[in-house]
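Let's take a walk through a protein model together. Have the sequence and the 3D view open, and look up each spot as it comes along.

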Amino acid sequence: MKSFILFLSLLLLVAVPSVRAQQFDLITNLDGRKTVSLDGQWKTIIDPYESGYYDYRYEPGANGYFKDAKPRTKSDLVEYDFDTSTSLNVPGDWNSQSDRLFLYEGTVWYRKTFDYHLAPNTRLFVYFGAANYLADVYLNGQKLGRHEGGFTPFNFEITKLVRDAGNSLIVKVDDKRRRDAVPTLMTDWWNYGGLTRQVQLIETPATFVQDYFIQLQKGSRDHIAGWVKLNGDKPGQRISIRIPEARLTRSFMTDAKGYAEINFDASLTLWSPDNPKLYEVTIESETDRVQDQIGFRTIETKGTEILLNGKPVFLRGVCIHEEAPFRSGRAYSREDALTLLGWAKELGANFVRLAHYPHNEAMLKQADRMGIMVWSEIPVYWTILWEDRGTLQNAENQLAEMIARDKNRAAVIIWSMANETPVSNERLSFLRNLIEHARNLDATRLISAAMERHYVGDTTTQMIDDPLGEYVDVFGCNEYVGWYDGLPEKADRVDWKMKYQKPLIMTEFGAEAPFGNHGDSLTRWTEEYQENVYQHQLNMLEKIPFLRGTCPWILMDFRSPRRPLPGIQDFYNRKGLISDHGEKKKAFFVMQKHYQQLKTAGSN
Ligand code: GCU
């Protein structure tokens with residue numbers, strides 16, 4: 001009996017390949033490094049049955065498409081050919097590039113060939129801004145590794161594998177949704193698949209500045225605390241941190257692991273929406289030098305107040321999905337960021353909630369420059385498989401990668417662990433693990449999540465007593481009074497209570513209307529109905545004593561497979577204040593006027 005059970009479990013192991021990703025040392029700043037972009041057309045093979053990876057016994061094959069094989073003789077049997085296959089643009093999701101891939105979820109193989117002459121005493125890495133969802137990466141037929149998660153960067157070292165000419169870089173990208181994944185099966189956004197962000201080669205010295213954290217110490221406005229990490233065969237080096245504009249140069253020694261804590265006083269102009277001051281910071285070691293534009297500010301809470309640089313602040317926000325304005329598909333460029341954040345500024349926002357996953361780096365750097373505070377979130381969304389250890393590890397990885405990439409961005413003030421997750425003990429312990437992980441990685445920022453609330457009995461009192469509230473710094477709550485919950489005027493009768501003495505951000509509220517659809521203010525799907533919802537919402541929100549921020553859902557209409565209504569939604573969630581073609585709806589001006597009034601009233 002025992003041997004039979006052993007045989008069964010071995011069978012299972014083989015049958016269900018483990019999907020977990022490899023750990024790797026993320027290179028966090030590419031600015032000023034020698035990089036080669038691999039963007040552009042990539043040859044692709046669409047492989048719904050993954051026959052380029054598994055054989056007919058559903059076993060991973062040794063001669064998969066990653067071999068980039070060519071028939072050597074006229075009798076050779078090779079059943080794929082990248083050279084004669086179609087191409088897709090990178091960066092870019094595959095769904096918006098070809099009608100036949102619009103609804104496709106599965107595997108697509110990407111191949112890029114390149115030549116590269118590596119200088120002596122240097123190293124080479126291939127860096128991906130993101131790949132949705134599961135990426136297996138190969139160079140010249142060798143597996144480099146696997147990355148799981150569609151919205152965070154990863155890199156692999158190729159120093160020993162790269163050739164002077166004819167390199168074949170192949171990526172198997174699989175965006176199939178899975179119950180144990182993060183996000184899980186159901187989301188209200190389009191599952192855009194592919195190499196959705198930039199791909200680059202990065203050349204570094206043999207020992208280089210791989211990562212660093214340079215921010216003000218928690219609670220201090222004049223003391224910098226952080227660390228620098230070198231990667232290479234000369235880990236112990238003297239490093240210097242220079243901030244020329246502040247006449248600051250400090251030097252430290254890295255230890256045998258290439259790590260140095262840094263600590264020093266600094267008198268700096270603090271970053272804020274009104275004055276998004278960024279300093280040029282140079283980190284130099286004996287063998288390498290990187291530069292960054294870093295802002296310095298403090299963010300804390302005190303009772304129900306959120307304090308920016310020690311002063312109470314009201315977060316005039318708006319939610320944004322990473323949907324490309326005007327062309328739809330996954331946004332990825334600086335132009336996309338300029339357009340989206342430009343509209344947020346026009347609305348009067350000093351804060352954006354980047355939903356529901358880490359957006360591209362261009363968005364964060366633009367927010368830094370424009371003085372827009374940011375809520376950044378990992379896609380722990382709705383009903384995640386809380387009990388699954390692999391799912392937790394995956395969520396922790398995505399959290400660590402999000403923080404690794406954006407921890408030096410002054411604009412980021414809040415790390416969000418989750419959105420609308422149902423209260424349960426398993427969920428609580430899962431999210432507490434994430435919160436602890438986040439606090440260990442970055443003690444300087446606020447922790448939050450978009451949490452649950454409920455009506456008290458059959459009254460119109462909303463109670464916020466989600467047990468997760470104990471462990472966060474700021475509360476986020478989503479509510480749709482007037483849309484999913486009653487008619488617009490109901491908001492006038494709703495009041496809010498909270499169990500905790502903490503600040504609340506109303507992280508979602510709103511209603512749907514395609515631009516240009518008009519009618520009376522009680523006719524659903526009209527701009528007038530949406531406007532009506534906003535007017536009553538603002539009446540309700542203004543009465544909440546512990547409210548310290550608002551984030552209407554959402555800045556711009558975005559694609560969602562859950563929104564089929566013909567002639568109205570057509571696979572778009574139409575809760576945007578702006579259409580996907582940049583047309584402003586009536587509700588946009590209601591919010592703009594409200595934010596203008598808040599600004600004039602000194603909500604800074
Ligand atoms: C939810 C959810 C969003 C969704 C929105 C909606 O609250 O967080 O992702 O798009 O509601 O229903 O429009």
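We'll begin at the ligand. It is surrounded by 14 residues, and the closest are Asp 188, Tyr 381, Glu 420, Tyr 484 and Lys 575. Keep in mind that you're looking at a predicted model. Sorted by class, the shell around the ligand contains five nonpolar, four polar and five charged residues.

| Residue | Distance to a ligand oxygen |
|---|---|
| Asn 419 | 2.9 Å |
| Tyr 484 | 2.5 Å |
| Lys 575 | 2.6 Å |

How much of the ligand's accessible area does the protein cover? On its own the ligand has 320 Å² of accessible area, and the protein covers 96% of that.

Look for an open sheet made of four strands, in the order S1-S10-S5-S8, with antiparallel pairing. Its edges are S1 (34–37) and S8 (154–157), each of which pairs on one side only. Going from one strand to the next, the twist averages 25 degrees. Inside this sheet, S5 (residues 122–128) and S10 (residues 199–205) run antiparallel and are joined by seven bridges. If you want a landmark, find Tyr 127, which sits opposite Gln 200 in S10.

With S13 (residues 238–243), S16 pairs in the antiparallel sense over three bridges, and Ile 241 has Ile 283 of S16 as its bridge partner. With S17 (residues 289–294), S16 also pairs in the antiparallel sense, over six bridges. Here Glu 280 stands opposite Gln 293 in S17. S16 and S17 make a hairpin, with four residues between them.

On to a helix. Is H3 (residues 361–370) largely enclosed or largely open? Eight of its 10 residues are buried, so H3 is largely enclosed by the rest of the structure. Among the buried ones are Met 363, Leu 364, Ala 367 and Met 370, and the charged Glu 361, Lys 365 and Asp 368 are buried as well.

Most peptide bonds are trans, and most residues other than glycine have a negative phi.

Which bonds go the other way? The one joining Val 90 and Pro 91 is cis, with omega about -5 degrees, and Pro 91 lies in the loop between S3 (87–90) and S4 (107–114). The bond from Asn 132 to Tyr 133 is cis too, with omega near 25 degrees. You'll find Tyr 133 in the loop between S5 and S6 (134–139).

As for phi, Trp 382 is not a glycine, yet its phi is positive, about 60 degrees. Trp 382 lies in the loop between S23 (373–377) and helix H4 (389–406). Trp 525 also has a positive phi, of about 70 degrees, without being a glycine. That residue is in the loop between S30 (504–508) and helix H6 (527–542). Trp 525 has a relative accessible area of 21%, so it counts as partly exposed, given that buried means under 20%.

How values were computed. Residues numbered from 1 in each chain as written. Predicted model: local features only at pLDDT ≥ 70, side-chain atom pairs only at ≥ 80, totals over all residues. Heavy atoms only, no water. Pairing = 2+ DSSP bridges. Helix = DSSP H or I, 4+ residues; strand = E, 2+ residues; numbered from the N terminus. Axes fitted to C-alpha atoms, helices over the stretch in contact; angles between N-to-C directions. Near = heavy atom within 4 Å. Polar contact = N/O pair within 3.5 Å; in protein donor to acceptor, adjacent residues only side chain to side chain. Areas by Shrake-Rupley, 256 points an atom, 1.4 Å probe, with all protein chains shown as cover. Buried < 20%, exposed > 50% of the residue type's maximum accessible area, 1.4 Å probe, protein only.
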